[in-house]
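Subject: Handing over a structure

Hello,

Here is the structure I promised to pass on. Please open it first, then read my notes below.

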Amino acid sequence: MSEQDRDRWEERYRRRAAPPVEAVGLPAVFAPFEDMFPTEGQALDVACGQGLASVWLARRGMDVWGVDISPTAISQARDLAARSGVSDRSRFDVVDLESGLPPGPPVDVILCHRFRDRRLDQPIIERLAPGGLLAISTRSAVGAEPGRFRTAPGELTTAFAELELIASGEGDGNAWLLARKGSTG
């Protein structure tokens with residue numbers, strides 16, 4: 001990631017207050033599907049920000065690893081996990097995803113909210129354990145002006161076509177997908 005982008009994200013989180021425990025939860029787009037998220041196993045939260053979804057997954061019983069480029073966001077995520085009583089099931093690290101996903105074992109859930117790097121598509125698929133769940137949401141050109149960080153129409157369903165689609169949507173400048181890796185890998 002460029003130094004300018006890194007500084008922009010760091011400044012964004014410095015301006016934000018630490019989130020209250022009451023704000024912990026899945027991104028709203030995935031809330032209707034919360035029962036599909038496992039209550040045990042390993043999860044990777046890509047570009048986790050302040051850790052709201054990571055802590056939700058940990059509260060649910062998962063061991064979660066959240067990664068983000070911003071040291072301030074990671075500090076806030078660690079603090080949120082401690083205040084929520086799930087530090088023992090939560091790990092947060094500063095990671096520049098431009099270098100790829102950090103190495104690690106297969107996981108049962110990958111959550112990626114408001115971040116898109118097409119170079120990570122195949123590594124994300126490969127990182128999912130058989131039966132693993134992918135929940136990804138991005139900014140979209142559908143219903144909005146095209147832009148550098150917006151996905152094209154149908155991009156997520158095409159990129160993750162080898163997974164079993166559970167649900168997806170596009171509109172109002174947003175795109176999202178919920179899919180599962182086949183149980184045979």
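First, a term for what follows. Ala, Val, Leu, Ile, Met, Phe, Trp, Tyr, Cys and Pro count as nonpolar; Asp, Glu, Lys and Arg count as charged; the others, Gly among them, count as polar. By those classes, the lining of the second largest pocket holds 7 nonpolar, 3 polar and 4 charged residues. Please keep in mind that this is a predicted model.

The second largest pocket

This pocket has about 170 Å³ of space. It is lined by 14 residues, and Gln42, Ala43, Val64, Trp65 and Arg91 are the closest to its centre. Strands supply part of that lining: strand 1, strand 2 and strand 3 (90-94) each give at least two residues.

The largest pocket

The volume of the largest pocket is about 1,000 Å³. Its lining counts 37 residues. Nearest the centre lie Trp9, Ala47, His113, Arg114 and Phe115. By class, the lining splits into 15 nonpolar, 7 polar and 15 charged residues.

Which elements supply at least two residues each to this lining? Helix 1, strand 1 (42-46), helix 2 (52-59) and strand 5 (128-140) each do. Helix 1 gives the most, with 5 residues.

Helix 1

Helix 1 covers residues 3-15, which is 13 residues. From first C-alpha to last it reaches 18 Å, close to the 18 Å expected at 1.5 Å a residue.

Which residues of helix 1 are buried? They are Asp5, Trp9, Glu10 and Tyr13. The buried residues fall within an arc of 135° seen down the helix axis, so they line one face of helix 1. There is a general rule behind such patterns. An α-helix has 3.6 residues a turn, so residues three or four places apart point the same way.

The other side of helix 1 has exposed residues: Glu3, Gln4, Arg14 and Arg15. The buried residues of helix 1 pack against strand 2 (63-68) and helix 3 (71-83). Trp9 is worth a look on screen. Trp9 is one of the buried residues of helix 1, and Trp9 is also among the residues nearest the centre of the largest pocket.

Helix 2

Now to helix 2. The buried residues are Ala53, Ser54, Val55, Trp56, Leu57 and Ala58. What do they pack against? Their partners are strand 1, strand 2, helix 3, strand 3 and strand 4. After helix 2 comes Gly61, which has a positive phi near 120°.

Two residues with positive phi

Ala47 is not a glycine, yet its phi is positive, at about 60°. Ala47 sits in the loop between strand 1 and helix 2. Is Ala47 buried or exposed? Ala47 has a relative accessible area of 19%, and buried means under 20%, so Ala47 counts as buried. Ala47 also belongs to the group nearest the centre of the largest pocket.

Asp172 is not a glycine either, and its phi is positive, about 55°. Asp172 is found in the loop between strand 7 (164-171) and strand 8 (174-180). Its relative accessible area is 72%. Exposed means over 50%, so Asp172 counts as exposed.

How many cavities of 30 Å³ or more does a search of the whole structure find? The search finds 1. About 30 Å³ of space lies in the largest cavity. Its lining is made up of Cys112, Phe115, Arg116, Asp117, Leu120, Asp121, Ile124 and Ile136. Those residues divide into 5 nonpolar, no polar and 3 charged.

Take Leu120 from that list. Leu120 lies in the loop between strand 4 (107-113) and helix 4 (121-127). Leu120 is buried, with a relative accessible area of 4%. Which residues does Leu120 contact, leaving aside neighbours within four places in sequence? They are Leu97, Gly100, Leu101 and Phe115. Leu120 and Gly100 stand 20 residues apart in sequence, and their C-alpha atoms are 6.4 Å apart in space. Phe115 turns up again here: Phe115 lines the largest cavity, and Phe115 is among the residues nearest the centre of the largest pocket.

Over to you.

Best wishes

Note on methods:
Residues are numbered from 1 along each chain as its sequence is written. This is a predicted model: local features need pLDDT of at least 70, side-chain atom pairs count only at pLDDT 80 or more; totals for chains, interfaces and linings use all residues. Side-chain values use heavy atoms; hydrogens and water are left out. Helices (H or I, at least four residues) and strands (E, at least two) are DSSP runs, numbered from the N terminus. The expected span of a helix is 1.5 Å times one less than its number of residues. Buried means under 20% relative accessible area, exposed over 50%, partly exposed in between (1.4 Å probe, protein chains only). The arc is that of the directions from the helix axis to the C-beta atoms. Contact means heavy atoms within 4.5 Å. On a 1 Å grid over the protein atoms alone, a cavity is a set of points where a 1.4 Å probe fits but cannot get out, and a pocket is an open set with protein on both sides within 12 Å along at least five of seven lines; lining residues have an atom within 4 Å of a point. Grid points are joined across faces, edges and corners, and a volume is the space filled by probe spheres set on the points.
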